[in-house]
Amino acid sequence: MFDDEQGEGPVDGDPVDGDGAVPEGRDDAVGRDGAGTGPGGREGAPGDDATAGPDGADDQTDAQDDDAGEDATDASREPGGLAGVLEEMAALVGLPLAVGLAEIDPDGQDPADLVELAAQWSRVLAWAHYQRAEVLAALVAGAIEHDAAAGALTAVSTEVAMRQGISRPAATRLVRTALALTGPLQATGEALARGALDPRKADVIAAGLEHQPYQVCHDVEDAVLPQAPGRTPPQLARDVAEALIAVDHHEAEARHRGARARRRVCHPRPLANGMASLYAVLPAADAIAVDLALDGAARAAKAGGDARTIDQLRADVLAAAGADALTRGGFGLPPDQPPSRPDTAATAATATTTTATGTTSAAPTPDATATATATPDGNAAAASATTMSTPDATTPATPPAPPQAGTDGPVTAAGPEPPPPPPAPPAPWMPIGRVGGVPVRINVTVPLTTLLGGGQAGHLDGYGPIDPATARALALGGTWKRLVTDPLTGTVLDLGRTRYRPPPDLAELIRHRDKTCFRPGCGARATGCQLDHTIPFAHGGTTAWANLATACSVDHPLKTDGHFHVRQTTPGIFEWTSKRTGRTYRREADGTTTPLHPRTGQPLTPPHDPPPF
């Protein structure tokens, strides 16, 4: 995650460090050998008076914790007693703090004490986050001993995602942050373990210093950590950015180039009630240009009497741009359509200037608007202020009359006006191609009973369940493709052959069966995935319904390179077994991840409380 040298850092799956090893920490680092130097709740940590030892020391520890809990409970029941108990617990860290807090009943306590009680529980959460970071860092270190660092980081992140039921990007962030907190950002890790820094702020520091060399990380930590407890995460992010520039301003341009290379727009993230969010990471000038364009269009419509709010209009303008591109088959100006020329009479505002001789001249009035130009890599450049007026090419501009001596009244400056900058070139035409071998379109799966007026939910490809009325409306036509299914089995009954030319039947059915990548927990849409033989074709696997699956560009190599062994036990149900740990994770037909017990092979379900009888 953090490079010893400046420059662009690794992306998902790249080596953790330049030599393929887990970064080493400072000389005063957290002990990785259990030698008693670890922060929070470990031997030698503040407040950790009850630690394991020989000859029954564990029993003594349990007894001390029980006594402390009972004392805390009794004291908290006295008038004003909880405040004193919490003051004493402020010196504790980690497990002893958690044991003491667990014995306090919050019911009937003073509100001021409850605020402090919640703050102390937050310190326990911070300590637990650091303990998890140490475990993840050790897991990566062990994986690197057997595999290349690039593959090890991806394989570990993938297995953590499957075991915890989270996305791989989320698991990757956990792993990378863990490597940072136990490596170049150990001061941040120690503050987290003590509960002096909450997990969100630790994530902010780790994200702000990603790919930075050790010394830069240490210097920025020294600048921001003292004030971090009293700063909100956005404030802390600004503090880190400012400190990074102050510490290492010479590399600011290189950092921007590396960050710009990672620009992206995420796929829609489902929200409640049939809504979704889009998230874009752009160069600041490009983001401002998009914002200004949306705002300008929305405010113009509002000024024209549109009843929608500004927020609604901004959203509708953006949605209309995507729908228009699907209709026209691409973004930008088609190559067979010449760029439209601005109407000089309509766009060039003129101002009358009185000269000494009483004549007038027309001068363009600057009308600053945001324009975006295309750079060689096809991305919008910085927005710039330009004049909307352009002199007519057929009419030479009349320079203002030179000033005359001995005359009264205002005069114009001598010499001709500088020519306005040329208009921005039209955006290049970017046609919408094929994804997964099929034309780009929006699919909505509708049960037959719903089409007939029933109440079963439809399924919007790339989003999830939608209400029946919306499903029926989308199934009527337009850009949408209607997929009619059996409401009992979910089997596709109608691919809309009377309305659209279908792609090859087998690939189409497999993509609609799997819906996403075949790796447990992966949400990559099947339309953008490759078709993979579960049993390789070279090893006797057949090109058949029960031996094909949709695999994204990251998970396909994980299987091919042997990090995981994959079985398709039933068409659409896959079991992934980790080469490193031997653990197996099953992807159910509906995409649910089921971890399996390493010995019995049965589903590994969370423990349940016994029934109250």
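Me: As I understand it, a crossing is left-handed if the near helix is turned anticlockwise from the far one by less than a right angle, and right-handed if clockwise. Which hand is the crossing where H3 passes H4?

Reply: H3 passes H4 in a left-handed crossing. Please note that this is a predicted model, in which local features need pLDDT of at least 70 and side-chain atom pairs count only at pLDDT 80 or more, while totals for chains, interfaces and linings use all residues. Residues are numbered from 1 along each chain as its sequence is written, and side-chain values use heavy atoms, with hydrogens and water left out.

Me: How many helices and strands does the protein chain have?

Reply: The protein chain has 18 helices and 23 strands. Helices (H or I, at least four residues) and strands (E, at least two) are DSSP runs, numbered from the N terminus.

Me: Back to H3 and H4. At what angle do they pack?

Reply: Helix H3 (residues 95-102) and helix H4 (residues 111-146) pack at about 145 degrees, and their axes are 9 Å apart. Axes are lines fitted to C-alpha atoms, for helices over the stretch in contact, and angles run from 0 to 180 degrees between N-to-C directions.

Me: Which residues meet there?

Reply: From H3, Leu95, Leu97, Ala98, Leu101 and Ala102 meet Leu117, Gln120, Trp121, Arg123, Val124 and Trp127 of H4, where contact means heavy atoms within 4.5 Å. By class, the contact of H3 with H4 has nine nonpolar residues, one polar and one charged. Ala, Val, Leu, Ile, Met, Phe, Trp, Tyr, Cys and Pro count as nonpolar, Asp, Glu, Lys and Arg as charged, and the others, Gly among them, as polar.

Me: And Ala126, is that buried or exposed?

Reply: Ala126 lies in helix H4, and Ala126 counts as buried because its relative accessibility is 1%. Buried means under 20% relative accessible area, exposed over 50%, and partly exposed in between (1.4 Å probe, protein chains only). Buried residues make up 35% of the 613 residues in the protein chain.

Me: What does Ala126 touch, leaving out residues up to four places away in sequence?

Reply: Ala126 touches Leu192, Gly195, Leu197, Asp198 and Pro199. Ala126 and Pro199 are 73 residues apart in sequence, yet 5.6 Å apart in space, C-alpha to C-alpha.

Me: New topic: how many disulfides are there in the whole structure?

Reply: A search of the whole structure finds zero disulfides, a disulfide being a pair of cysteine sulfur atoms within 2.5 Å. Cys529 is in no disulfide, and the nearest cysteine sulfur, that of Cys517, is 5.0 Å away. At 4% relative accessibility, Cys529 is buried. Cys266 is also buried, at 17%.

Me: Now the sheet. What is the strand order that starts with S20?

Reply: The order is S20-S21-S22-S23, in an open sheet of four strands with antiparallel pairing. Strand S20 (564-570) and strand S23 (593-596) stand at the edges with a single partner strand each, so one side of each has no neighbour in the sheet. On average, neighbouring strands of this sheet are turned by 25 degrees against each other, direction ignored.

Me: How many bridges join S20 to S21?

Reply: Six bridges join S20 to strand S21 (residues 573-578), and the two run antiparallel; strands pair if DSSP finds at least two bridges between them. The bridge partner of Phe564 in S21 is Ser578, and His565 stands opposite Thr577.
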